[in-house]
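Reader: Please show me the model, and then we can go through a few of its residues.

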Amino acid sequence: MPEFKILNTVLDYMESKGTTYKLVEITIDEELVEGINAVNKSSHTLEELQKAVDKCFAHEWLKRRVMGGDKYTHLQIIPKGIGAARSKQRSDELKKSRSFLKRTSDYIEDHKGLFIVFGFLLALFTFALKILGDN
């Protein structure tokens, strides 16, 4: 999700420079796209990041610092955006630290519809074999 990559980029910058969110301003341009793609080993385009910024605006994670100019310039993260980014980071860390059995259990839970379909197809196949075998 590119919106979290944008938020994480701002957080990383804040922490590396030792500054607060009030002093950090970003602009969505090709330079930022290249930076995000390099750090995350992704291949997002400028348009994708602009759509992600629109989502950030909708969730009130980013705001514009100045009026006028382009919609994607002079952007500032707000506390709600910082909280969302940190929450996502913690969630990702917890997912990575799960045991094999827990990951397997979560996979089954997430895809239980597929397992039900496969079970139904297996039962149907077995039933068909039984009927054809009796003839």
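**Burial and salt bridges**

Author: Leucine 32 counts as buried because its relative accessibility is 15%, where buried means under 20% relative accessible area, exposed over 50% and partly exposed in between (1.4 Å probe, protein chains only). This is a predicted model, in which local features need pLDDT of at least 70, side-chain atom pairs count only at pLDDT 80 or more, and totals for chains, interfaces and linings use all residues. Residues are numbered from 1 along each chain as its sequence is written, and side-chain values use heavy atoms, with hydrogens and water left out.

Reader: Which residues does leucine 32 touch, not counting those up to four places away in sequence?

Author: Contact means heavy atoms within 4.5 Å. Leaving out residues up to four places away in sequence, leucine 32 touches Thr9 and Thr27.

Reader: How many salt bridges does the structure hold?

Author: A salt bridge is a side-chain nitrogen of Lys or Arg within 4 Å of a carboxyl oxygen of Asp or Glu. By that criterion, the number of salt bridges in the structure is eight.

Reader: What is the N to O distance in the salt bridge of aspartate 54 and lysine 71?

Author: Aspartate 54 is partly exposed because its relative accessibility is 28%, and lysine 71 is partly exposed at 39%. Their side chains meet in a salt bridge, N to O, at 3.0 Å.

Reader: Is glutamate 15, which meets arginine 86 in a salt bridge, buried or exposed?

Author: The salt bridge of glutamate 15 and arginine 86 is 3.7 Å, N to O. At 55% relative accessibility, glutamate 15 counts as exposed.
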